[in-house]
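Colleague: Hi! Could you walk me through this one? I have a few quick questions.
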Amino acid sequence: KEPSRLYSGYARAGYGTGNGLDVKAAYNRDITARDNIRFFGALDGYKTGIRRFRERGKWDSRMYSSAAGIGYTHNFNALKLDVGGDFGNRVFNYQRKENAAGTGNSQNSMNYGVYLNGESAPGSTFGYRFNAAYMDYSRKYSAGSDKGINEKRICAGVGIWYGIENREVRKAGFAVSVDAYLFNRTLRKAAHPYRDYCLINADPFIDFMLGGWDMHLGAKMNLLTTNGPVFAIAPDIKIRKAFDERVSLYASATGGRTGNSLAHIGSITPYWNFDNEASTRLKPTYRIADTEAGATFTAGAFSLDVAAGYAYTKDDVLQYCSEGTDVPYDIIYSNIAQCNTHDVHVSLGAGYDLGGWLRIAGDCRYDFWDCSKRALLMMKPEVTCNLNAEVKPFRGFTFNVGYNFMLFTKSAGTRANSKNDLSARINYNIFPWLGVYIQGSNLLNDRYLEYAGYEARGARGLLGVSANF
(Lines give C-alpha, C1' and ligand atoms only; values in the text may rest on other atoms or scores of the structure.)
Protein backbone atom coordinates (compact mmCIF):
# COMPACT_ATOMS: atom_id res chain seq x y z
CA LYS A 1 0.00 0.00 0.00
CA GLU A 2 0.97 3.61 -0.46
CA PRO A 3 2.04 5.17 2.87
CA SER A 4 -0.96 7.51 2.85
CA ARG A 5 -3.31 4.50 2.86
CA LEU A 6 -1.94 3.36 6.24
CA TYR A 7 -2.69 6.59 8.08
CA SER A 8 -5.70 8.79 8.79
CA GLY A 9 -3.85 12.11 8.90
CA TYR A 10 -1.50 14.10 6.72
CA ALA A 11 0.42 17.31 7.41
CA ARG A 12 3.09 19.32 5.64
CA ALA A 13 4.96 22.57 6.13
CA GLY A 14 7.19 24.35 3.64
CA TYR A 15 8.98 27.66 3.24
CA GLY A 16 10.50 29.15 0.12
CA THR A 17 11.76 32.13 -1.80
CA GLY A 18 9.76 35.34 -1.57
CA ASN A 19 8.65 34.34 1.94
CA GLY A 20 6.56 31.60 0.37
CA LEU A 21 4.55 29.63 2.93
CA ASP A 22 2.85 26.24 2.48
CA VAL A 23 1.17 24.70 5.56
CA LYS A 24 -1.57 22.09 5.24
CA ALA A 25 -3.11 19.41 7.45
CA ALA A 26 -5.97 16.95 7.01
CA TYR A 27 -7.51 14.14 9.02
CA ASN A 28 -10.05 11.60 7.73
CA ARG A 29 -11.04 8.69 9.94
CA ASP A 30 -13.80 6.09 10.14
CA ILE A 31 -14.48 6.15 13.87
CA THR A 32 -17.06 3.32 13.54
CA ALA A 33 -18.41 1.21 10.69
CA ARG A 34 -21.08 3.89 10.15
CA ASP A 35 -19.35 7.12 11.17
CA ASN A 36 -16.64 9.22 9.52
CA ILE A 37 -15.09 12.48 10.67
CA ARG A 38 -12.90 14.89 8.69
CA PHE A 39 -10.81 17.96 9.48
CA PHE A 40 -8.65 20.17 7.32
CA GLY A 41 -6.64 23.33 7.69
CA ALA A 42 -4.38 25.36 5.41
CA LEU A 43 -2.21 28.47 5.44
CA ASP A 44 -0.29 29.67 2.40
CA GLY A 45 0.96 32.88 0.90
CA TYR A 46 3.93 35.09 0.15
CA LYS A 47 5.42 38.53 0.60
CA THR A 48 7.70 39.59 -2.24
CA GLY A 49 8.32 42.05 -5.04
CA ILE A 50 6.36 41.45 -8.26
CA ARG A 51 6.89 43.16 -11.58
CA ARG A 52 4.48 45.97 -12.33
CA PHE A 53 1.85 45.70 -15.03
CA ARG A 54 3.16 47.56 -18.12
CA GLU A 55 5.44 49.71 -15.95
CA ARG A 56 9.03 49.56 -14.77
CA GLY A 57 10.20 48.18 -11.46
CA LYS A 58 8.43 46.06 -8.88
CA TRP A 59 5.79 46.57 -6.22
CA ASP A 60 5.72 45.01 -2.75
CA SER A 61 3.01 42.38 -2.87
CA ARG A 62 1.68 40.25 -0.04
CA MET A 63 -1.02 37.61 -0.12
CA TYR A 64 -1.86 35.22 2.71
CA SER A 65 -4.81 32.83 2.76
CA SER A 66 -6.08 30.55 5.51
CA ALA A 67 -8.83 27.95 5.54
CA ALA A 68 -10.28 25.39 7.94
CA GLY A 69 -13.17 22.95 7.91
CA ILE A 70 -14.83 20.03 9.64
CA GLY A 71 -17.19 17.35 8.35
CA TYR A 72 -19.08 14.42 9.86
CA THR A 73 -20.91 11.60 8.05
CA HIS A 74 -23.25 8.98 9.51
CA ASN A 75 -24.71 6.08 7.54
CA PHE A 76 -28.17 5.05 8.66
CA ASN A 77 -29.77 1.92 7.24
CA ALA A 78 -31.44 3.84 4.41
CA LEU A 79 -29.86 7.29 4.67
CA LYS A 80 -26.40 8.84 4.43
CA LEU A 81 -26.22 12.13 6.34
CA ASP A 82 -23.33 14.61 6.06
CA VAL A 83 -22.94 17.84 8.08
CA GLY A 84 -20.07 20.27 8.30
CA GLY A 85 -18.73 23.78 7.93
CA ASP A 86 -15.75 25.72 6.66
CA PHE A 87 -14.01 29.05 7.04
CA GLY A 88 -11.68 31.04 4.80
CA ASN A 89 -9.77 34.29 5.10
CA ARG A 90 -7.55 36.20 2.67
CA VAL A 91 -5.37 39.20 3.53
CA PHE A 92 -3.57 41.06 0.74
CA ASN A 93 -2.70 44.48 -0.69
CA TYR A 94 -3.23 46.14 -4.06
CA GLN A 95 -0.76 47.37 -6.63
CA ARG A 96 -0.64 51.14 -6.93
CA LYS A 97 0.21 53.01 -10.10
CA GLU A 98 3.88 53.87 -10.44
CA ASN A 99 3.46 57.58 -9.65
CA ALA A 100 1.09 57.02 -6.70
CA ALA A 101 2.24 57.25 -3.11
CA GLY A 102 2.22 54.29 -0.72
CA THR A 103 2.38 50.55 -1.26
CA GLY A 104 -1.30 49.92 -1.85
CA ASN A 105 -4.35 49.64 0.37
CA SER A 106 -4.77 46.50 2.45
CA GLN A 107 -7.77 44.27 1.91
CA ASN A 108 -9.36 41.49 3.94
CA SER A 109 -11.98 39.09 2.64
CA MET A 110 -13.62 36.41 4.75
CA ASN A 111 -16.09 33.63 4.10
CA TYR A 112 -17.68 30.94 6.23
CA GLY A 113 -20.54 28.51 5.92
CA VAL A 114 -22.33 25.43 7.21
CA TYR A 115 -24.07 22.66 5.27
CA LEU A 116 -26.31 19.61 5.62
CA ASN A 117 -26.51 16.94 2.90
CA GLY A 118 -28.45 13.70 2.80
CA GLU A 119 -29.06 10.93 0.28
CA SER A 120 -30.67 7.53 0.15
CA ALA A 121 -28.61 4.38 0.44
CA PRO A 122 -27.04 3.11 -2.83
CA GLY A 123 -29.02 0.52 -4.74
CA SER A 124 -32.45 1.75 -3.69
CA THR A 125 -35.15 1.59 -6.35
CA PHE A 126 -36.61 4.82 -5.06
CA GLY A 127 -33.91 7.39 -4.36
CA TYR A 128 -33.79 10.84 -2.90
CA ARG A 129 -31.35 13.52 -1.80
CA PHE A 130 -31.62 16.84 0.02
CA ASN A 131 -29.30 19.67 0.96
CA ALA A 132 -29.25 22.95 2.84
CA ALA A 133 -26.45 25.48 3.28
CA TYR A 134 -25.71 28.93 4.65
CA MET A 135 -22.76 30.95 3.31
CA ASP A 136 -21.46 34.37 4.29
CA TYR A 137 -18.91 36.47 2.36
CA SER A 138 -17.58 39.88 3.36
CA ARG A 139 -14.89 42.30 2.22
CA LYS A 140 -13.54 44.87 4.65
CA TYR A 141 -13.18 47.75 2.19
CA SER A 142 -15.09 48.81 -0.90
CA ALA A 143 -13.39 50.67 -3.76
CA GLY A 144 -13.27 54.39 -3.02
CA SER A 145 -14.86 53.85 0.39
CA ASP A 146 -13.94 52.52 3.84
CA LYS A 147 -17.29 50.75 4.13
CA GLY A 148 -17.38 47.00 3.95
CA ILE A 149 -19.64 44.86 1.78
CA ASN A 150 -21.37 41.64 2.78
CA GLU A 151 -23.38 38.96 1.03
CA LYS A 152 -25.34 36.13 2.62
CA ARG A 153 -26.47 33.13 0.64
CA ILE A 154 -29.05 30.55 1.71
CA CYS A 155 -29.52 27.39 -0.38
CA ALA A 156 -31.88 24.42 -0.11
CA GLY A 157 -32.81 21.64 -2.50
CA VAL A 158 -34.37 18.22 -2.85
CA GLY A 159 -34.32 15.59 -5.58
CA ILE A 160 -36.17 12.31 -6.10
CA TRP A 161 -35.82 9.56 -8.70
CA TYR A 162 -37.14 6.10 -9.48
CA GLY A 163 -34.81 3.46 -10.86
CA ILE A 164 -35.87 0.62 -13.17
CA GLU A 165 -33.44 -2.23 -13.73
CA ASN A 166 -33.11 -4.31 -16.94
CA ARG A 167 -35.35 -2.05 -19.00
CA GLU A 168 -34.74 0.61 -21.62
CA VAL A 169 -35.84 3.30 -19.16
CA ARG A 170 -33.25 3.21 -16.37
CA LYS A 171 -34.20 6.15 -14.15
CA ALA A 172 -36.59 9.10 -14.03
CA GLY A 173 -36.49 11.95 -11.56
CA PHE A 174 -37.01 15.55 -10.64
CA ALA A 175 -35.00 18.07 -8.59
CA VAL A 176 -35.88 21.50 -7.25
CA SER A 177 -33.68 24.00 -5.43
CA VAL A 178 -33.86 27.54 -4.04
CA ASP A 179 -30.88 29.90 -3.86
CA ALA A 180 -31.36 33.25 -2.04
CA TYR A 181 -28.88 36.16 -2.10
CA LEU A 182 -29.03 38.83 0.64
CA PHE A 183 -26.92 42.02 0.68
CA ASN A 184 -25.88 44.47 3.39
CA ARG A 185 -26.85 48.15 3.66
CA THR A 186 -23.81 49.43 1.70
CA LEU A 187 -24.91 47.51 -1.38
CA ARG A 188 -28.66 48.02 -0.91
CA LYS A 189 -28.22 51.82 -0.63
CA ALA A 190 -25.90 52.16 -3.63
CA ALA A 191 -26.73 54.42 -6.59
CA HIS A 192 -27.94 51.33 -8.43
CA PRO A 193 -29.10 49.21 -5.46
CA TYR A 194 -28.32 45.56 -5.00
CA ARG A 195 -31.70 44.00 -4.44
CA ASP A 196 -32.04 40.74 -2.56
CA TYR A 197 -33.10 38.08 -5.02
CA CYS A 198 -33.86 34.40 -5.31
CA LEU A 199 -33.18 31.74 -7.96
CA ILE A 200 -35.59 28.79 -8.16
CA ASN A 201 -34.43 25.80 -10.22
CA ALA A 202 -36.47 22.85 -11.48
CA ASP A 203 -34.67 20.00 -13.26
CA PRO A 204 -36.66 17.03 -14.61
CA PHE A 205 -34.72 14.18 -16.25
CA ILE A 206 -34.93 10.64 -17.58
CA ASP A 207 -32.12 8.12 -18.20
CA PHE A 208 -32.54 5.30 -20.68
CA MET A 209 -30.76 2.97 -23.09
CA LEU A 210 -31.69 3.04 -26.78
CA GLY A 211 -29.88 1.07 -29.46
CA GLY A 212 -26.79 0.72 -27.31
CA TRP A 213 -26.66 4.44 -26.51
CA ASP A 214 -26.74 5.60 -22.89
CA MET A 215 -28.94 8.71 -22.84
CA HIS A 216 -29.74 11.36 -20.28
CA LEU A 217 -32.51 13.74 -21.30
CA GLY A 218 -33.46 16.64 -19.09
CA ALA A 219 -34.00 20.36 -18.82
CA LYS A 220 -32.72 23.14 -16.56
CA MET A 221 -35.61 25.49 -15.77
CA ASN A 222 -35.13 28.61 -13.69
CA LEU A 223 -37.23 31.37 -12.14
CA LEU A 224 -35.64 34.65 -11.02
CA THR A 225 -37.36 37.09 -8.67
CA THR A 226 -35.40 40.17 -9.86
CA ASN A 227 -32.21 41.25 -11.64
CA GLY A 228 -32.94 39.61 -15.00
CA PRO A 229 -35.56 37.80 -17.11
CA VAL A 230 -38.09 35.96 -14.92
CA PHE A 231 -37.91 32.60 -16.73
CA ALA A 232 -35.00 30.76 -18.36
CA ILE A 233 -34.65 27.24 -19.73
CA ALA A 234 -31.68 25.28 -21.06
CA PRO A 235 -31.07 21.71 -22.21
CA ASP A 236 -29.54 18.94 -20.13
CA ILE A 237 -28.78 16.21 -22.67
CA LYS A 238 -25.94 13.68 -22.62
CA ILE A 239 -25.45 10.61 -24.79
CA ARG A 240 -22.64 8.05 -24.98
CA LYS A 241 -22.02 4.77 -26.76
CA ALA A 242 -19.17 2.35 -26.15
CA PHE A 243 -18.50 0.21 -29.21
CA ASP A 244 -16.09 -1.96 -27.27
CA GLU A 245 -13.66 -1.47 -24.40
CA ARG A 246 -11.46 0.75 -26.59
CA VAL A 247 -13.72 3.16 -28.51
CA SER A 248 -16.63 5.34 -27.40
CA LEU A 249 -18.51 8.34 -28.78
CA TYR A 250 -20.24 11.01 -26.73
CA ALA A 251 -22.17 14.25 -27.14
CA SER A 252 -23.82 16.73 -24.81
CA ALA A 253 -25.92 19.87 -24.79
CA THR A 254 -26.18 21.48 -21.38
CA GLY A 255 -26.74 24.91 -19.88
CA GLY A 256 -28.57 26.73 -17.12
CA ARG A 257 -28.64 29.96 -15.15
CA THR A 258 -26.51 30.50 -12.04
CA GLY A 259 -26.16 33.41 -9.67
CA ASN A 260 -22.90 35.35 -9.48
CA SER A 261 -22.07 35.56 -5.80
CA LEU A 262 -19.38 37.93 -4.58
CA ALA A 263 -17.54 34.86 -3.26
CA HIS A 264 -17.49 33.47 -6.81
CA ILE A 265 -16.05 36.73 -8.15
CA GLY A 266 -13.37 36.54 -5.46
CA SER A 267 -12.39 33.09 -6.71
CA ILE A 268 -11.86 34.51 -10.22
CA THR A 269 -9.55 37.29 -9.00
CA PRO A 270 -8.94 38.55 -5.45
CA TYR A 271 -8.26 42.05 -6.87
CA TRP A 272 -11.76 42.40 -8.32
CA ASN A 273 -13.63 45.64 -8.56
CA PHE A 274 -16.27 47.29 -10.70
CA ASP A 275 -15.68 50.61 -12.41
CA ASN A 276 -17.75 52.01 -9.58
CA GLU A 277 -18.07 49.08 -7.23
CA ALA A 278 -21.16 49.86 -5.18
CA SER A 279 -23.14 51.11 -8.19
CA THR A 280 -22.82 48.08 -10.47
CA ARG A 281 -24.96 45.01 -10.02
CA LEU A 282 -23.98 41.61 -11.35
CA LYS A 283 -26.67 39.67 -13.17
CA PRO A 284 -26.90 35.86 -13.04
CA THR A 285 -25.03 34.16 -15.88
CA TYR A 286 -27.25 32.28 -18.33
CA ARG A 287 -25.56 29.51 -20.30
CA ILE A 288 -28.12 29.08 -23.09
CA ALA A 289 -26.30 26.20 -24.74
CA ASP A 290 -22.99 24.45 -24.14
CA THR A 291 -22.62 21.75 -26.77
CA GLU A 292 -19.82 19.26 -27.31
CA ALA A 293 -19.21 16.08 -29.28
CA GLY A 294 -16.18 13.82 -29.13
CA ALA A 295 -14.63 10.38 -29.10
CA THR A 296 -12.30 8.44 -26.81
CA PHE A 297 -9.88 5.71 -27.80
CA THR A 298 -7.91 3.38 -25.52
CA ALA A 299 -5.23 0.88 -26.50
CA GLY A 300 -3.35 -0.65 -23.59
CA ALA A 301 -1.48 2.10 -21.74
CA PHE A 302 -2.40 4.74 -24.34
CA SER A 303 -5.57 6.86 -24.34
CA LEU A 304 -6.83 9.57 -26.70
CA ASP A 305 -9.71 12.04 -26.44
CA VAL A 306 -10.80 14.44 -29.19
CA ALA A 307 -13.73 16.89 -28.94
CA ALA A 308 -15.29 20.00 -30.45
CA GLY A 309 -18.07 22.25 -29.24
CA TYR A 310 -19.83 25.61 -29.07
CA ALA A 311 -21.13 27.63 -26.12
CA TYR A 312 -23.34 30.71 -26.01
CA THR A 313 -23.44 32.51 -22.67
CA LYS A 314 -25.46 35.57 -21.69
CA ASP A 315 -23.94 37.88 -19.07
CA ASP A 316 -20.66 36.00 -18.93
CA VAL A 317 -18.30 37.26 -16.20
CA LEU A 318 -15.10 38.78 -17.63
CA GLN A 319 -12.09 40.51 -16.07
CA TYR A 320 -10.02 43.27 -17.63
CA CYS A 321 -7.72 46.13 -16.60
CA SER A 322 -8.59 49.67 -17.66
CA GLU A 323 -5.85 52.27 -18.07
CA GLY A 324 -5.70 55.99 -18.78
CA THR A 325 -6.36 59.32 -17.12
CA ASP A 326 -10.08 58.60 -16.82
CA VAL A 327 -9.49 55.84 -14.25
CA PRO A 328 -10.48 57.39 -10.89
CA TYR A 329 -8.23 55.29 -8.63
CA ASP A 330 -4.50 55.22 -7.95
CA ILE A 331 -4.94 51.48 -7.27
CA ILE A 332 -4.93 48.95 -10.10
CA TYR A 333 -7.96 46.67 -10.08
CA SER A 334 -9.06 43.60 -12.00
CA ASN A 335 -12.28 45.15 -13.25
CA ILE A 336 -15.29 42.87 -13.55
CA ALA A 337 -17.80 43.27 -16.37
CA GLN A 338 -20.46 41.20 -18.11
CA CYS A 339 -21.10 40.58 -21.79
CA ASN A 340 -22.69 37.93 -24.00
CA THR A 341 -19.99 35.58 -25.31
CA HIS A 342 -19.67 32.97 -28.04
CA ASP A 343 -17.02 30.24 -27.80
CA VAL A 344 -16.15 27.70 -30.49
CA HIS A 345 -13.54 25.18 -29.37
CA VAL A 346 -11.68 22.05 -30.41
CA SER A 347 -9.50 19.96 -28.10
CA LEU A 348 -7.17 16.98 -28.13
CA GLY A 349 -5.92 15.04 -25.12
CA ALA A 350 -3.65 12.03 -24.79
CA GLY A 351 -2.25 9.94 -21.94
CA TYR A 352 0.20 7.10 -21.36
CA ASP A 353 0.25 5.05 -18.14
CA LEU A 354 2.75 2.26 -17.49
CA GLY A 355 1.25 0.71 -14.41
CA GLY A 356 1.85 3.62 -12.09
CA TRP A 357 5.63 4.07 -12.29
CA LEU A 358 5.32 6.35 -15.34
CA ARG A 359 2.38 8.55 -16.27
CA ILE A 360 2.38 11.11 -19.07
CA ALA A 361 -0.62 13.23 -20.01
CA GLY A 362 -1.09 16.17 -22.33
CA ASP A 363 -3.88 18.20 -23.84
CA CYS A 364 -4.32 21.14 -26.17
CA ARG A 365 -7.38 23.29 -26.76
CA TYR A 366 -8.21 26.10 -29.18
CA ASP A 367 -11.00 28.58 -28.37
CA PHE A 368 -12.41 31.21 -30.69
CA TRP A 369 -14.04 33.84 -28.48
CA ASP A 370 -16.32 36.64 -29.58
CA CYS A 371 -18.36 39.32 -27.83
CA SER A 372 -19.52 42.86 -28.59
CA LYS A 373 -16.74 44.40 -26.43
CA ARG A 374 -13.47 42.81 -27.49
CA ALA A 375 -11.48 44.58 -24.76
CA LEU A 376 -13.23 42.41 -22.17
CA LEU A 377 -11.69 39.23 -23.62
CA MET A 378 -8.10 40.02 -22.56
CA MET A 379 -7.95 37.12 -20.03
CA LYS A 380 -9.78 34.55 -22.15
CA PRO A 381 -7.41 31.85 -23.48
CA GLU A 382 -7.22 31.29 -27.23
CA VAL A 383 -4.74 28.39 -27.12
CA THR A 384 -4.13 26.28 -24.02
CA CYS A 385 -1.62 23.43 -23.82
CA ASN A 386 -0.71 21.29 -20.80
CA LEU A 387 1.90 18.57 -20.40
CA ASN A 388 2.40 16.59 -17.19
CA ALA A 389 4.64 13.67 -16.33
CA GLU A 390 5.03 11.62 -13.14
CA VAL A 391 7.85 9.16 -12.54
CA LYS A 392 8.24 6.75 -9.61
CA PRO A 393 11.61 5.06 -10.25
CA PHE A 394 11.72 3.41 -6.82
CA ARG A 395 9.62 3.12 -3.68
CA GLY A 396 9.07 6.37 -1.84
CA PHE A 397 10.39 8.66 -4.61
CA THR A 398 8.12 10.66 -6.92
CA PHE A 399 9.12 13.23 -9.52
CA ASN A 400 6.50 15.44 -11.21
CA VAL A 401 7.05 17.96 -13.96
CA GLY A 402 4.41 20.11 -15.65
CA TYR A 403 4.23 22.73 -18.36
CA ASN A 404 1.35 25.09 -19.07
CA PHE A 405 1.18 27.32 -22.15
CA MET A 406 -1.56 29.86 -22.73
CA LEU A 407 -2.02 32.29 -25.62
CA PHE A 408 -4.57 34.92 -24.62
CA THR A 409 -7.23 36.30 -26.93
CA LYS A 410 -6.35 39.43 -28.86
CA SER A 411 -8.51 42.26 -27.54
CA ALA A 412 -8.73 45.88 -28.67
CA GLY A 413 -5.71 45.41 -30.93
CA THR A 414 -3.40 44.07 -28.22
CA ARG A 415 -2.67 40.70 -26.70
CA ALA A 416 -1.46 39.96 -23.16
CA ASN A 417 1.89 38.17 -22.84
CA SER A 418 1.68 34.43 -23.40
CA LYS A 419 1.99 32.19 -20.37
CA ASN A 420 4.90 29.73 -20.27
CA ASP A 421 4.82 28.11 -16.83
CA LEU A 422 7.24 25.25 -16.11
CA SER A 423 6.92 23.59 -12.70
CA ALA A 424 8.53 20.61 -10.98
CA ARG A 425 8.18 18.77 -7.66
CA ILE A 426 10.13 16.00 -5.93
CA ASN A 427 8.71 13.98 -3.04
CA TYR A 428 10.77 11.49 -1.06
CA ASN A 429 9.47 9.41 1.84
CA ILE A 430 12.38 8.87 4.23
CA PHE A 431 10.11 6.65 6.30
CA PRO A 432 6.52 5.61 5.60
CA TRP A 433 5.39 8.33 8.01
CA LEU A 434 7.93 11.06 7.16
CA GLY A 435 8.90 12.70 3.89
CA VAL A 436 10.50 15.77 2.35
CA TYR A 437 9.54 17.70 -0.77
CA ILE A 438 10.95 20.43 -2.96
CA GLN A 439 9.03 22.25 -5.67
CA GLY A 440 9.60 25.01 -8.16
CA SER A 441 7.14 27.19 -10.07
CA ASN A 442 7.48 29.51 -13.08
CA LEU A 443 10.97 28.10 -13.55
CA LEU A 444 11.34 29.97 -16.86
CA ASN A 445 10.81 33.24 -14.97
CA ASP A 446 8.17 34.16 -17.54
CA ARG A 447 6.21 37.43 -17.47
CA TYR A 448 2.49 36.80 -17.83
CA LEU A 449 -0.73 37.96 -16.23
CA GLU A 450 -2.09 35.85 -13.41
CA TYR A 451 -5.05 38.22 -13.02
CA ALA A 452 -6.07 41.25 -15.08
CA GLY A 453 -3.55 43.98 -14.24
CA TYR A 454 -1.44 41.69 -12.05
CA GLU A 455 1.62 39.80 -13.25
CA ALA A 456 2.55 36.44 -11.77
CA ARG A 457 5.46 36.00 -9.41
CA GLY A 458 8.80 35.17 -11.00
CA ALA A 459 10.76 31.93 -10.64
CA ARG A 460 10.42 30.56 -7.13
CA GLY A 461 11.13 27.47 -5.07
CA LEU A 462 9.98 25.90 -1.83
CA LEU A 463 11.32 23.20 0.52
CA GLY A 464 9.19 21.36 3.04
CA VAL A 465 8.55 18.36 5.28
CA SER A 466 5.48 16.12 5.23
CA ALA A 467 4.18 13.57 7.72
CA ASN A 468 1.50 10.88 7.86
CA PHE A 469 -0.13 10.06 11.18
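Colleague: Which strand is Ser65 in?
Modeller: Ser65 sits in strand E4, which covers residues 58–75. Just keep in mind that this is a predicted model.
Colleague: Which residues does Ser65 touch?
Modeller: Leaving out residues up to four places away in sequence, Ser65 touches Ala42, Leu43, Asp44, Asn89 and Arg90.
Colleague: Nice. Let's switch to Ala13: where does that one lie?
Modeller: Ala13 is in strand E1, residues 9–16.
Colleague: What does Ala13 touch?
Modeller: With residues up to four places away in sequence left out, Ala13 touches Asp22, Val23, Tyr437, Leu463, Gly464 and Val465.
Colleague: And how far apart are Ala13 and Leu249?
Modeller: From C-alpha to C-alpha, Ala13 and Leu249 are 44 Å apart in space, and 236 residues apart in sequence.
Colleague: Zooming out, how many helices and strands does the protein chain have?
Modeller: The protein chain has two helices and 25 strands. Its radius of gyration is 24 Å, close to the 23 Å from the globule rule for 469 residues, so the chain is as compact as a globular protein of that length.
Colleague: What box do the C-alpha atoms fill?
Modeller: Along the principal axes, the box is roughly 70 × 60 × 45 Å.
Colleague: Back to strands. How do E8 and E9 run, parallel or antiparallel?
Modeller: Strand E8 (residues 149–163) and strand E9 (residues 169–183) run antiparallel, joined by 13 bridges.
Colleague: How many bridges join E9 to E10?
Modeller: There are 12 bridges between E9 and strand E10 (residues 197–210), and these two strands run antiparallel. Here Val176 stands opposite Ala202 in E10.
Colleague: What about contacts across the whole chain, how many are between residues 24 or more positions apart?
Modeller: Such pairs account for 57% of the contacts with a separation of 6 or more. Buried residues, meanwhile, make up 39% of the 469 residues.

Terms used: Residues numbered from 1 in each chain as written. Predicted model: local features only at pLDDT ≥ 70, side-chain atom pairs only at ≥ 80, totals over all residues. Heavy atoms only, no water. Helix = DSSP H or I, 4+ residues; strand = E, 2+ residues; numbered from the N terminus. Contact = heavy atoms within 4.5 Å. Rg over C-alpha atoms; globule rule 2.2 N^0.38 Å. Buried < 20%, exposed > 50% of the residue type's maximum accessible area, 1.4 Å probe, protein only. Pairing = 2+ DSSP bridges.
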